[in-house]
Amino acid sequence: MWFFDCPEIIYGADALSHLEELKGERAFIVTDPVLHRLGYTERIAARLAEAGIAVASFTEVEPEPSLQTVRRGAEQMRGFQPDWIIGLGGGSAMDAAKAMWVLYERPDLQPDEISPMVDLNIGKLARLIAIPTTAGTGSEVTWATVLTDLSDGRKLSLGSRETLPTLAIVDPALTAQLPPRVTVDTGLDALTHAVEGYIATFHNDYTDGLCLKAMQLVFTYLPRAFADGSDEEAREHMANAATIAGLGFINSWASLAHAMGHAFGGHFKVPHGRSVSLFLPYTLEYMAQASYESRFGDLAHALRLAVDYTEEAASAAAVIAAIRDLHRQLGQPLTAAEIGIDRDRYEATLTSLCEFAEGDGTFISGMRVPERDDLRRLFLAVYDGGVVDW
Amino acid sequence: MAYLFPSPAWVDAFKDALNASAAYKVSAAHWEGDFYFIVSAKGALQEPVKFYLDLWHGQCRDAYIVEGADDKTPEFEIEGTLDVFRQIFEHQLDPIRALVSRKLKLKGNLGKIMRSVKATLDLVNAAASVDTTYPGE
């Protein structure tokens, strides 16, 4: 038995206009200071004003939001008593909004208690709208929440199916101004969701098609969105790809690239999408040594790669090569060294990186789960582009 | 030799398997926390069976079937049916998914367990390595 969770999704050009039809009294927008300065909060507030809804906002969400920020935002939320909460931004703002929603309705809980085992019973005071301003995290359609504990720098993968947004509003116009590097970082995050969602041991009939479609969209439209940010068609398909990949992986699961990427990104302050996509080709090489039914063949077929799809090893090699080619085409680093991490510092943190990766909720969902020695070798391979053929 | 689950002999064998696991020793090196596992009364099991595990820094320090009153107040309590435990031991059901879907009921901080998923997997692997029979077989 398992579940397929999905909010109502409003997508496409002018999807934001749906806010004007909203029924309610008070909306609390959770976003980051950059988006706020750029006028995004005001854009949303103007739509809500059309619906006669009063607005307050918390605009202090930092990249990789902390437990401490979430507590602060929830406290402000309690002072305003909203009946709608709006997570506006990338994954950080939307994740923070989910956690604040819980603490707003359940002040008796700590953020790290947000788990599927706890009956949250939220949704009585407010409902959540997620509005992505990047095309990557898929957080608008997931119940996953990644927060950072500032006390030890650890990233916490939290979540409860109750924190699934009520509505996801996916308006590609909000991504039109994304800088090229953010476009790539977030777009490759979507790719990692799609590929890992397809090969995770929890893959299923409901998610397979979503993951394959999202992967195709990223390969087709991310280079265009990177080359020309004003390409509306590319932006729209990338917005859809991110949401579809989000649905794919949250109802399957992410895997080893996420576990290692979370550990790496938390330690070295590297953006989430850049981190997880950095690890993707290496973890796929590692996974490909295991028996894989037809998973890699399916991926190769979906990408129309020139390979015999019935040959898993050849298909895996072709898929991994295509992913590396896409990274190169987009100017994305393929090694930790290229990101600028000092080797001595990297090696000094290896044990800690391994421990954090092993403690990540996505660590065990790959068809091959590395023991500590293999994990160290994988981290080392990622440093300077070593081949993973063991 | 096959051990009946749940029984004192099985719990002893599980403790030995856990302490022999090099993988668990590494992945649970920082783990501190004890458990009650409760196999609820259903199907072939007429009465619930509870066993205690004291897990500390990659070692199982103590393990026994709880008969009657027990003075322990473990940090975690995990309860499931015989069928669910069997599916987990036979790798037909992922333990984290069993927790998330509430086939296993947990009292305690899931967040702490989720920070130790590899240790959880190694613990299940140790259980799976015990030659096991089940009531009714």
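Taken along the principal axes, the C-alpha atoms of chain A fill a box of roughly 60 × 45 × 45 Å. Buried residues make up 55% of the 390 residues in chain A; a residue is buried if 20 or more other C-beta atoms lie within 10 Å of its own, exposed if 12 or fewer, and partly exposed in between, with the C-beta atoms placed from the backbone.

A few words on bookkeeping. Residues are numbered from 1 along each chain as its sequence is written, while chains are lettered from A and ligands numbered from 1 in the order in which they are written. As the model is predicted, local features need pLDDT of at least 70 and side-chain atom pairs count only at pLDDT 80 or more, whereas totals for chains, interfaces and linings use all residues.

The secondary structure of chain A comes to 15 helices and eight strands. Here helices (H or I, at least four residues) and strands (E, at least two) are DSSP runs, numbered from the N terminus. One of the helices, H7(A), covers residues 232-250, and its end C-alpha atoms are 27 Å apart, which agrees with the 27 Å that its 19 residues should span at 1.5 Å a residue. The expected span is 1.5 Å times one less than the number of residues. H7(A) is largely enclosed by the rest of the structure, since 17 of its 19 residues are buried.

Next comes chain B, with six helices and seven strands. Its radius of gyration is 14 Å, close to the 14 Å that the globule rule gives for 137 residues, so chain B is as compact as a globular protein of that length. Along its principal axes, the C-alpha trace of chain B spans about 40 × 35 × 30 Å. Of its 137 residues, 42% count as buried. Confidence in chain B is given by a mean pLDDT of 92, with 100% of its residues at 70 or more; pLDDT is the predictor's confidence in each residue, from 0 to 100. Within chain B, the lowest mean, 77, belongs to H5(B), and the highest, 97, to H1(B).

Helix H6(B), residues 117-128, reaches 16 Å from its first C-alpha to its last, close to the 16 Å expected for its twelve residues. Ten of those twelve residues are buried, leaving H6(B) mostly covered. Among the buried ones are B:Val117, B:Leu121 and B:Ala126. The buried residues of H6(B) pack against H14 (350-358) of chain A, and also against H1, H2, H3, H4 and H5 of chain B. B:Ala17 sits in helix H1 of chain B and touches B:Ala126, B:Ser129 and B:Val130, not counting residues up to four places away in sequence. With 19 C-beta neighbours inside 10 Å, B:Ala17 counts as partly exposed.

As for how the chains meet, the contact takes 20 residues from chain A and 18 residues from chain B. Strand S7(A), residues 154-159, gives the most to the chain A side, with three residues. That side divides into ten nonpolar, four polar and six charged residues. The model scores ipTM 0.75 and pTM 0.90.

Notes: Contact = placed C-beta atoms within 7 Å. Nonpolar A, V, L, I, M, F, W, Y, C, P; charged D, E, K, R; others polar. Rg over C-alpha atoms; globule rule 2.2 N^0.38 Å.
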